[in-house]
Amino acid sequence: MRELNNAGDRINSQELGIVDFHSHILPKLDDGSKSVDESLQMLSMSMKQGVKKIVATPHFYPGSIDPDCFIEKRAHSAQLLLSAINEKKQQGEIFPSIYLGAEVSFFNGMSHYKGLERFCVNGTRLLLVEMPFKKWTENDVYELIAIKNELGFIPVIAHIERYIDKQSKSLFPMIFSGDILIQCNSDAFYERKTKKRMMSLLAQGNVDLIGSDCHNLTNRIPNLSRGLNEIMQRCNEDSVSELMKFANYVLEEAVPLE
């Protein structure tokens with residue numbers, strides 16, 4: 001059995017780093033990390049799994065919080081974490097590079113919303129979107145495609161495994177057309193209820209990005225290595241390499257927190 005504490009090294013040997021595209025590591029901001037110390041431990045755990053880049057995607061719920069307030073709180077949380085990281089680095093510790101983004105809850109009219117770029121991964125046009133946990137309409141999917149066609153942003157559906165079984169197969173050609181990127185959580189590749197379906201989607205080329213969606217150190221821990229291990233066992237090492245190549249590619253222009 002190949003362990004990915006160790007696949008991380010193999011990927012690095014190919015000048016690639018493991019990317020966690022979905023996380024809630026910023027402290028005291030949403031239902032994720034509750035403290036700077038917890039965030040540091042989550043980052044250390046990720047680093048030990050070979051993660052070199054991690055996208056911080058705190059929840060943004062339009063209508064529940066003013067956008068300016070959210071951006072301000074995110075910046076404050078990020079600065080608290082960065083200060084603590086810099087102190088630890090002086091002691092010789094190493095952490096993944098952090099990229100600020102958001103997990104934006106879907107709403108009608110997103111493609112006409114001014115200021116949507118503030119929620120994209122910093123330096124990119126990638127926008128992580130949490131879709132409704134119900135059956136989507138054709139208009140819902142068109143809204144995502146319009147974000148790309150009309151605004152030039154690239155919508156990324158967060159944790160596809162949570163809603164795919166609720167969707168009409170007639171929408172699949174739109175969902176998996178390539179206009180929308182698909183992110184899957186690591187645990188979906190080893191949880192009994194989802195792993196068969198997600199492996200199939202991956203084999204079909206319909207999974208673009210993977211994330212831990214980590215929230216804490218108890219029941220939603222950084223777990224990218226376990227999911228990637230499962231992919232390597234059921235598919236092959238090339239499948240992991242291709243996922244990481246693409247993740248690094250889409251983050252080429254991303255600006256890390258520093």
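At what angle do H2 and H3 pack, and how far apart are their axes? Let's start there. This is a predicted model. In it, H2 and H3 pack at an angle of about 60 degrees, and their axes are 10 Å apart. That makes H2 oblique to H3. The crossing of H2 past H3 is right-handed. Who makes the contact? From H2, Val-36, Ser-39, Leu-40 and Leu-43. From H3, Leu-80, Leu-81, Ala-84, Ile-85 and Lys-88.

Now H2 itself. The helix covers residues 36-48, 13 residues in total. From first C-alpha to last, H2 reaches 18 Å, close to the 18 Å expected at 1.5 Å a residue. Several of its residues are buried, among them Ser-39, Leu-40 and Leu-43. Glu-38 is buried too. The cover over the buried residues of H2 includes helix H3 (67-90), strand E2 (51-56) and strand E4 (97-100). After H2 comes Gly-50, with a positive phi near 95 degrees.

On to the sheet. The sheet is open and has six strands, in the order E3-E5-E6-E7-E8-E9. The pairing is parallel. Look at the edges: strand E3 (59-60) and strand E9 (209-211) each have a single partner strand, so one side of each is left without a neighbour in the sheet.

Next, one pair inside that order. Strand E6 (residues 126-130) and strand E7 (residues 154-157) run parallel, joined by four bridges. Leu-126 stands opposite Ile-154 in E7. Helix H4 (residues 138-151) packs on the sheet and touches both E6 and E7. The direction of H4 makes about 150 degrees with that of E7.

Methods
Residues numbered from 1 in each chain as written. Predicted model: local features only at pLDDT ≥ 70, side-chain atom pairs only at ≥ 80, totals over all residues. Heavy atoms only, no water. Helix = DSSP H or I, 4+ residues; strand = E, 2+ residues; numbered from the N terminus. Expected span 1.5 Å × (residues − 1). Buried < 20%, exposed > 50% of the residue type's maximum accessible area, 1.4 Å probe, protein only. Contact = heavy atoms within 4.5 Å. Pairing = 2+ DSSP bridges. Axes fitted to C-alpha atoms, helices over the stretch in contact; angles between N-to-C directions. Parallel < 35°, antiparallel > 145°, perpendicular 65-115°, else oblique. Left-handed = near helix turned anticlockwise from the far one by under 90°.
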